[in-house]
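Here are a few notes to keep beside you as you look at this one for the first time. Take them in any order you like.

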Amino acid sequence: MSEADIHNLQKIAQVLKSNGTDGELVIGFRDIAPEDIDLEEPVFIFYDGLPVPFFIDSFTRRGSNKALVHLTDITTLADAEEAAGKSIYMKADNPERFDEEDLSTLIGWTLFDENHNEVGIISDFFDIPGNPCIEAGTISGTVMIPLHEDLIISVDEDNRILTMVIPDGLV
């Protein structure tokens, strides 16, 4: 997967929990209806800061915004438990623009520090009251970084790059 593809992912669902012992997952959908999923295209789950592609082997709707799914290579209870709580992404037809009201649009962007060093890829956004944070996959693992306006140096929408002052000790 090229770096350009990494920047073209949109969050579509969350792995809620495992179901059974053969790797089946219960997923909850976000801003997309389950019927809008293209079962021929891979979905992505971030592991160690990198998006890993999975194909959907089986898909059974449960209500209006949940489904039971089997993904390739998730075949055991341990695999399913490791995926529990992770976000699921798919390639975006039109990458989202930065939206100050919905900071989850930063997911998939590249994070740089104040010295213009690449820190990693933003893999999630947590809207913690009074302390919104982004999660970024780095070489040394996944880190949570406070997303405060005083720490943001620049936002490059065209290249999907966020440059920030990274507090000491986080990366």
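1. Accessible areas here come from the Shrake-Rupley method with a 1.4 Å probe, and for residues only the protein chains shown count as cover. On that basis the chain exposes about 9100 Å², of which carbon and sulfur atoms supply 47%.

2. A word on the source: this is a predicted model, where local features need pLDDT of at least 70 and side-chain atom pairs count only at pLDDT 80 or more, while totals for chains, interfaces and linings use all residues. Residues are numbered from 1 along each chain as its sequence is written, and side-chain values use heavy atoms, leaving out hydrogens and water.

3. You will find two helices and 13 strands in the chain. These are DSSP runs (helices H or I, at least four residues; strands E, at least two), numbered from the N terminus.

4. Which residues have the most contacts inside the largest nonpolar core? They are Ile12, Leu25, Ile27, Leu71, Ile74 and Ile88, in a core of 21 residues. Such a core is a set of buried (under 20% relative accessible area, 1.4 Å probe, protein chains only) Ala, Val, Leu, Ile, Met, Phe, Trp, Tyr and Cys residues joined through side-chain atoms within 4.5 Å. A second, separate core has 16 residues, including Trp109 and Ile166.

5. Six strands form an open sheet of mixed pairing, in the order S11-S10-S9-S8-S13-S12. Strands pair if DSSP finds at least two bridges between them. Strands S11 (141–146) and S12 (152–156) are the edges, each pairing on one side only.

6. Within this sheet, S9 (residues 118–126) and S10 (residues 133–138) pair in the antiparallel sense over five bridges. Look for Asp124, which stands opposite Glu135 in S10.

Methods. Buried < 20%, exposed > 50% of the residue type's maximum accessible area, 1.4 Å probe, protein only.
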